[in-house]
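This report describes one protein model with its ligand. The sequence and structure come first, and the description follows.

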Amino acid sequence: MRIVMAEIDLYKDSVEPIYQQLARHFRMAIESGHLLPGDRLPPTRDLARQLGVGRISVVNAYSQLQAEGLIAAHPGRGTYVTGARGSTAVNVQPWPLPGTLNISMREMTRLARQPGVIAFSGGTPPEEFLPVEALRSAINTVLDRDGAAAVTYEESEGYPPLRQQVSEHVTSLGIQCHADEVLITGGAQQALDLVVQALLSEGDTLVTSNPTYLGMLDIAHVRRVIPVGVPMDEHGIRLDALEAVFQERRPGLIYVAPTYHNPTGKIMPLHRRRQLLALAHHYDVPVLEDAVYHELSYSGSPPPPLKALDEYGQVLHASGYSKILLPGTRIGYLIAGGALRERLARVKQAADVCTPGLNQRAMYVYLSSGALTGHLNRVRSELRARCEAACAAARRYLPEGARWAEPSGGLYLWVELPEDGPTAAELYVSAIQHGVAYAIGTLFHTDGSGGRFIRLNFGSQPPARIEEGFRRLGEAWQDWQTSYQPAVRRTPIL
Ligand SMILES: Cc1ncc(COP(=O)(O)O)c(C=O)c1O
């Protein structure tokens, strides 16, 4: 049995209760592999005494970790770690991780929602640009025109005129597509989930970049498939490491977001897109392409989607209207040909029968008006301005040694914090206290790494707020470095 040694900083003035701080500390230690299965945690009474906190705080923290399945109490013998993550170059981890992802995300979201906090943490596009009036008018048009047909069940595959319109839209991006190959889904999120359900079984391997879209890790978690993270370089997922995984694990699916990747903002150049497809073809692995940010370039066009380069019919293309138009209408789509179409439609039917017809029809009316092009141009140019504001503010306020690459599209700045300060998770509470929130890098990783990365969605804030948010972040960092004294500090425990 290994004796647990640890250093715990607790902040009595924090908005985060002591028990949650404690639970967070142990959770991170377990996720990062500092605590291993079989390690014994100190008895609640001893730990409370050593830390100078009430025993109830420790009991609550242990209960929370127990509910998450990370530790287990054995009466008379003590409390032991049960869950852990390994860490290798290409990362394979025990999955599902019982609840850790959701709890962390929930905690983060709750703190970010506090009044006055400038939240760079979410995934929304600029809210001021959501065409609310146009939506109202489209809904009225639909209700006047279609009456009850607009509010009854729609075909599972989607409202036929909208499917036709989506096929024309993706054709304009270079994808050869017939309306029959379009499945309308509840956002792109459901498109990803349907593919995982249709192609993978429990215990199968899903290959993805590391880091990757958090929502895909959520899907892997609930569908009990094993996400295997492949490292990235400046051009996206690394093909040498990918090939090694293909050889070792015979995965059922590879998931990639080649354009304005979330969270890194990276864009995969054309040659790598082609090489990726050739590799996937060689090893006979279907490719799920996520293109939700494809149309958010600040200037010019990105390389064509993978689906446009797909000679062998091995790419499934998921996208939607959340990032470019209206996230709340939950209209996404999946482009899939061949025998898979029928299977996906059945999974969709089983999931929710259909995507709400009123929303689909209103989207159809909006898109038919031709307003999307002008709207997209406005959003892109605003995003460019916001990106410039974010990069300028990052240069001005972030600590020396912080690193980021300026994105050419999308919503996010992916920042690596310097080694000589707090991790993203440690800085988070101080940041909240200064009124700013971001997404912590570990959430996007398949193996609990990424502790020094933060993702900032500058796209959701106007330039003046961006400047102020980064100023607060810089202050939070300084504070942590200089004057922020832990209220209680003990080392080691036990
Ligand atoms: C890469 C990626 N894919 C899919 C989604 C989900 O999009 P939707 O709102 O259309 O479900 C998101 C949302 O943040 C995303 O970032």
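## Core around V415

Leaving aside neighbours within four places in sequence, V415 is in contact with A394, L398, A402, W404, F453, I454 and L456. Two residues are in contact if their C-beta atoms, placed from the backbone, lie within 7 Å. V415 and L334 have the most contacts inside the largest nonpolar core, which has 136 residues. A nonpolar core is a set of buried Ala, Val, Leu, Ile, Met, Phe, Trp, Tyr and Cys residues joined through C-beta atoms within 7 Å. A residue is buried if 20 or more other C-beta atoms lie within 10 Å of its own, exposed if 12 or fewer, and partly exposed in between, with C-beta atoms placed from the backbone.

## Model and overall make-up

This is a predicted model, in which local features need pLDDT of at least 70 and side-chain atom pairs count only at pLDDT 80 or more, while totals for chains, interfaces and linings use all residues. Residues are numbered from 1 along each chain as its sequence is written. The average pLDDT (the predictor's confidence in each residue, from 0 to 100) is 89, and 90% of the residues score at least 70. In residues 85–103 the pLDDT is below 50, and this stretch has 50 contacts in the model beyond near neighbours in sequence. The pLDDT is also below 50 over residues 484–494, a stretch with 32 contacts in the model beyond near neighbours in sequence.

The protein contains 15 helices and 20 strands. Helices (H or I, at least four residues) and strands (E, at least two) are DSSP runs, numbered from the N terminus. Of its 494 residues, 48% count as buried. Among contacts with a separation of 6 or more, 75% join residues 24 or more positions apart.

## Ligand shell

The ligand is surrounded by 14 residues, the closest being G123, G187, A188, Q189 and S322. A residue is near a molecule or strand if its C-beta atom, placed from the backbone, lies within 6 Å of it. Helix 7 (residues 187–199) gives the most to this shell, with three residues.

By type, the shell holds five nonpolar, eight polar and one charged residue. Here Ala, Val, Leu, Ile, Met, Phe, Trp, Tyr, Cys and Pro count as nonpolar, Asp, Glu, Lys and Arg as charged, and the others, Gly among them, as polar.

Helix 5 (residues 132–146) has 15 residues and reaches 21 Å from its first C-alpha to its last, close to the 21 Å expected at 1.5 Å a residue. The expected span is 1.5 Å times one less than the number of residues. Just after helix 5, G147 takes a positive phi of about 50°.

Helix 14 (residues 424–433) is mostly covered, with nine of its 10 residues buried. The buried residues include A424, L427, Y428 and I432.

F120 lies in the loop between strand 6 (118–119) and helix 5. F120 counts as buried because it has 28 C-beta neighbours inside 10 Å. Leaving aside neighbours within four places in sequence, its contacts are V436, A437, Y438, L456, N457, F458, Q461 and G469. The C-alpha atoms of F120 and I454 are separated by 9.9 Å, although these residues are 334 residues apart along the chain.

G450 is in the loop between strand 18 (439–440) and strand 19 (453–457). With 23 C-beta neighbours inside 10 Å, G450 is buried. Beyond neighbours within four places in sequence, G450 is in contact with P211, G441, T442, F444 and H445. G450 and N210 are 240 residues apart in sequence and 9.2 Å apart in space, C-alpha to C-alpha.

## Backbone exceptions

Most residues other than glycine have a negative phi, and most peptide bonds are trans. The peptide bond from N210 to P211 is cis, with omega near 15°; P211 is in the loop between strand 8 (205–210) and helix 8 (214–223). The bond from N262 to P263 is cis, with omega near 15°, and P263 is in the loop between strand 11 (253–256) and helix 10 (270–282).

R330, not a glycine, has a positive phi of about 55°. R330 lies in the loop between strand 13 (315–320) and strand 14 (331–335) and is buried, with 20 other C-beta atoms within 10 Å. V353 has a positive phi near 65° and is found in the loop between helix 11 (340–352) and helix 12 (357–368). V353 counts as exposed because it has 12 C-beta neighbours inside 10 Å.
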